[in-house]
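This report concerns the packing of one protein chain. Please keep the sequence and the coordinates at hand while reading.

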Amino acid sequence: MYLTRRNIGMVVAPLLALLVWLLTPMLEHQARLVATIMAFCLVFWMAEVIPLSMTAFLGVLLAVMLGVAEVETAFQNLGHPIILLFIGSFLLARSMTRHGLDKRIALFILSQPFFQQSLFRLFLGFSFISFVLSMWVSNSVTVAMLLPLMLGVTQLVCPPEQTGKSSAVYFLLGIAYSASIGGVSTIIGSPPNLIGVNYLAQQGIRIDFLQWMYLALPVSLSMYGFLLLYMRYFLRKSDYNQQVVQAYVEKHQQQREKLRKGEVVTMGVFTLAVVLWLAPGVFNLFGMEEAYAFMSAYFAESTVAVLAALLLFLIPPGQETGGAGTLIAEDLVKIDWDTILLFGGGMALGQLVVTSGLADVIGRSITSFIDPNQQVLLVLVLVFLVLMLTEVSSNTAIAITFVPIIIGVLHGLGLPLLYPVLGAVLACSMAFMLPVATPPNAIVYGSRQVPIGQMVRTGAILNLVATLLITAWMMLYMLV
């Protein structure tokens, strides 16, 4: 048998689960079982023994078989409204890709003279596209959409025979990092955001779309600003040929001169969805309570996402799809179902951590070592711990596993939940050192253009800065 990561995981998982069971006789029976199951699943996630979503289902199945959960309620999270939000937003992104709207947006920005003046400005253009798009569609989808265009440009401006060949690595890392950073700006930008909002809602703390942006956007903008300064340091000595870029852009613009109806429909539906997502928060901001209550009840984020997806299936883009809708049945199988199922199964596991009392037990244990008056240190430790754990596992899996535990810690200390939990959730998307940490990292690493050593070296500084920035913003919010 080959000593692969998968095979190691299959051996370590049951051994770690057994060890947890033997070391926790002081726990209540159900909490002890959940701790054992979570240890098993955590190894499976980290080693990717089976698809991440199937690991979540395996954990729930074990909980049912061991009597921790009732089969009638164990899988209810698959019908959670946030699942519908995932599906709708992924279908919106799929429509952008299908009709080429993503490439048109990229080419429009890159055709502007400002971005063509230097290699850094060209990087600014790509990273800005990645940052903004990832606010509204999944960060993994954003990078997947931009990667082919990115590879084409870097082959022109960073050929292997030139001294500036290494700049291609920073371009690829830049779009990945920008997508991760931009993805924290909105509820729908990254799976951990949705997980955090759902857990806070279970504690009676509701955050609408605009409130999330109000809290998270300053963090993402400050981190993006540092990323630009950081990447400028690496790119300033690289060679650059502006004429080559201009020729590339002109060629692709000529091929896509006329705006197609599919792009128009997609942009219209996308704009409608954004307006409806933002409307409740705007009404709440201006004290329009009746309008806010109406929009929250009848146009929740998940409802709007499904409505947008249905409109894309209903509205035909002329003759481009033979009279069918802007999206067709085949598009349904091309969205990221693994993430959707991981979220549903993982939320069920996270709920078990809470209902079994395991989160409170862990929380009380940690509180015995922490002074509740040292809130800065507490937030710093939580953010750094989550960020580094995300480096070796899925950010979605870490959010599912550790947010309930953090809530238990805060309950044990008698501290407010919102800002420490928000900081931990943001940290889940701010891991930059390893491919497994976030989907954008994995996608650009999969291009085989980014050496793992260079990703680790580049990401280490960003990890440290992200920890400090998130902590600083959370403390500022707590003081205001």
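The paragraphs below proceed from the overall fold to the nonpolar cores, the helix contacts and selected residues.

**Overall composition**

The coordinates are those of a predicted model. The secondary structure comprises 23 helices and zero strands. The protein has 480 residues, of which 55% count as buried. Among contacts with a sequence separation of 6 or more, 78% join residues 24 or more positions apart.

**Nonpolar cores**

The largest nonpolar core contains 143 residues. Within this core, the residues with the most contacts are W45, W212, W277, V421, L426 and M430. Helix α12, which spans residues 209-235, makes the greatest contribution to this core, namely 13 residues. Apart from this core there is another one of seven residues, including A13, F40, F44 and A47.

With residues up to four places away in sequence not counted, M430 touches I181, V184, M223, L387, N463, A466 and I470.

**Helix pairs**

| Helix pair | Angle between axes | Axis separation | Handedness of crossing |
|---|---|---|---|
| α12 and α21 | roughly 55° | within 12 Å | right-handed |
| α8 and α12 | about 160° | 11 Å | right-handed |
| α11 and α21 | about 160° | 9 Å | right-handed |

Helix α21 covers residues 418-427. At a crossing angle of roughly 55°, α12 and α21 are therefore oblique to each other. On the α12 side the contact involves W212, L215, A216 and V219, and these meet Y419, L422, V425 and L426 of α21. By class, this contact has eight nonpolar residues, no polar residues and no charged residues.

Helix α8 covers residues 119-136 and packs on α12 at an angle of about 160°. An angle over 145 degrees counts as roughly antiparallel, and α8 and α12 are therefore roughly antiparallel to each other. From α8 the contact draws on L119, F120, F123, L124, S127, F128, F131, M135 and W136. From α12 the partners are F209, M213, L217, S220, L221, Y224, L228, M231, R232 and L235. The residues of the contact of α8 with α12 comprise 16 nonpolar, two polar and one charged.

Helix α11 covers residues 191-202 and packs on α21 with the axes 9 Å apart. The angle of about 160° makes α11 roughly antiparallel to α21. In this contact P192, N193, G196 and L200 of α11 meet L418, V421 and V425 of α21. The contact of α11 with α21 divides into five nonpolar, two polar and no charged residues.

How many of the ten residues of α21 are buried? Nine of the ten are buried, so α21 is largely enclosed by the rest of the structure. The buried residues of α21 are L418, P420, V421, L422, G423, A424, V425, L426 and A427. Their cover includes α11 and α12, together with α19 (375-391), α20 (395-413) and α23 (452-479).

**Selected residues**

F209 lies in helix α12. Its relative accessible area is 0%, and because buried means under 20% relative accessible area, F209 counts as buried. Apart from residues up to four places away in sequence, F209 touches W136, T186, I187, I188, W277, L278 and E301. One of these, L278, is 69 residues from F209 along the chain, yet the C-alpha atoms of F209 and L278 are separated by 6.1 Å.

S178 is placed in helix α10, residues 167-183. S178 is likewise buried, with a relative accessible area of 0%. Neighbours within four places in sequence aside, S178 is in contact with S127, S130, F131, S134, Y224 and L227. Of these partners, S127, F131 and Y224 are also named in the contact of α8 with α12.

Is A442 buried, partly exposed or exposed? A442, in helix α22 (residues 439-445), counts as partly exposed at 38% relative accessibility. In sequence A442 and S140 are 302 residues apart, and their C-alpha atoms are 9.0 Å apart in space.

Notes: Residues numbered from 1 in each chain as written. Predicted model: local features only at pLDDT ≥ 70, side-chain atom pairs only at ≥ 80, totals over all residues. Heavy atoms only, no water. Core = buried A, V, L, I, M, F, W, Y, C linked by side-chain atoms within 4.5 Å. Buried < 20%, exposed > 50% of the residue type's maximum accessible area, 1.4 Å probe, protein only. Helix = DSSP H or I, 4+ residues; strand = E, 2+ residues; numbered from the N terminus. Contact = heavy atoms within 4.5 Å. Axes fitted to C-alpha atoms, helices over the stretch in contact; angles between N-to-C directions. Parallel < 35°, antiparallel > 145°, perpendicular 65-115°, else oblique. Left-handed = near helix turned anticlockwise from the far one by under 90°. Nonpolar A, V, L, I, M, F, W, Y, C, P; charged D, E, K, R; others polar.
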